[in-house]
Amino acid sequence: MSLLELLQDLLPDSWFNDVRMNYGPELSDDMIVQSVQEASDFFNIENPMLIAEDFTTGVCPNMDMTPMDDILIFNREQLLDMGITEKEGLDLVMTHEGAHRALQGLNLGFNSHQEELCCDFMAGVRAGLNSIDVSQMEDSLADTPVSDSHPGG
């Protein structure tokens with residue numbers, strides 16, 4: 001049994017809701033699920049098998065040949081630290097993650113930085129097509145330090 005499961009057994013649901021509210025009511029469970037659904041629809045792919053709150057925001061693709069077994073994880077604190085506080089910013093983050101899902105199994109030869117930039121580009125495409133404000137996404141990426149998996153801002 002994980003610590004989270006133990007806490008869920010010991011503490012009332014209202015306690016978890018109160019904690020979530022400290023991170024801001026803007027990123028509700030319903031908003032996250034809706035944002036993931038809309039990003040999946042944009043790429044014409046099935047919703048991920050599971051959407052779960054975890055230590056970071058990203059996607060675990062599992063088998064490369066299908067997006068149906070994907071697990072999308074998110075971390076409210078990370079998103080808020082990145083400046084993602086509204087649905088439009090969240091929609092673009094979920095579009096970025098949806099692009100990872102849509103690219104799996106295509107064997108395009110991208111290195112990790114190229115794939116990240118492609119996913120950012122696709123978030124921009126969705127923003128342009130749907131008149132979504134990109135400022136939260138832009139601001140969240142501007143000061144990103146370079147790493148093995150992600151290019152610098």
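Reader: Where does asparagine 107 lie?
Author: This is a predicted model. Asparagine 107 has a positive phi of about 50°, although it is not a glycine. At 74% relative accessibility, asparagine 107 counts as exposed. Its place is the loop between α5 and α6.

Reader: Is serine 131 buried or exposed?
Author: Serine 131 sits in the loop between α6 and α7. Its phi is near 50°, a positive value in a residue other than glycine. Exposed means over 50% relative accessible area. Serine 131 has 64%, so the answer is exposed.

Reader: In what order do the elements of the chain run?
Author: The secondary structure comes to 7 helices and 3 strands. From the N terminus on, the order is α-α-α-β-β-β-α-α-α-α.

Reader: What share of the residues in the chain is buried?
Author: Buried means under 20% relative accessible area. Histidine 100, in helix α5 (residues 87-103), counts as buried at 12%. The chain has 153 residues, and the buried share is 35%.

Reader: How many disulfides does the count come to?
Author: A disulfide is a covalent bond between the sulfur atoms of two cysteines. Here a pair of cysteine sulfur atoms must be within 2.5 Å. The sulfur of cysteine 118 has its closest cysteine sulfur in cysteine 119, 5.6 Å away, so that pair is too far for a bond. The count comes to 0 disulfides.

Reader: What distance separates the C-alpha atoms of histidine 100 and cysteine 119?
Author: Histidine 100 is found in helix α5. Along the chain, histidine 100 and cysteine 119 are 19 residues apart. Their C-alpha atoms are separated by 6.4 Å.

Reader: Which parts does the salt bridge of arginine 101 and aspartate 70 tie together?
Author: The two side chains meet at 2.7 Å, N to O. Arginine 101 is buried at 2%, and aspartate 70 is buried at 0%. The residues are 31 apart in sequence, so the bridge ties together helix α5 and the loop between β2 (58-60) and β3 (71-74).

Reader: Which residues form the negative surface patch?
Author: Patch residues need over 30% relative accessible area and no salt bridge. Aspartate 133, in the loop between α6 (112-130) and α7 (135-142), is partly exposed at 40%. The patch is formed by Glu26, Glu86, Glu88, Asp133, Glu138, Asp139 and Asp143.

Notes:
Residues are numbered from 1 along each chain as its sequence is written. This is a predicted model: local features need pLDDT of at least 70, side-chain atom pairs count only at pLDDT 80 or more; totals for chains, interfaces and linings use all residues. Side-chain values use heavy atoms; hydrogens and water are left out. Patches are made of residues with over 30% relative accessible area and no salt bridge: like charges are joined within 9 Å, nonpolar side chains (Val, Leu, Ile, Met, Phe, Trp, Tyr) within 5 Å. Accessible areas come from the Shrake-Rupley method with a 1.4 Å probe; for residues, only the protein chains shown count as cover. A salt bridge is a side-chain nitrogen of Lys or Arg within 4 Å of a carboxyl oxygen of Asp or Glu. Lys and Arg count as positive and Asp and Glu as negative; His and the chain ends are not counted. The place of a charge is taken as NZ of Lys, CZ of Arg, CG of Asp or CD of Glu. Helices (H or I, at least four residues) and strands (E, at least two) are DSSP runs, numbered from the N terminus. Buried means under 20% relative accessible area, exposed over 50%, partly exposed in between (1.4 Å probe, protein chains only).
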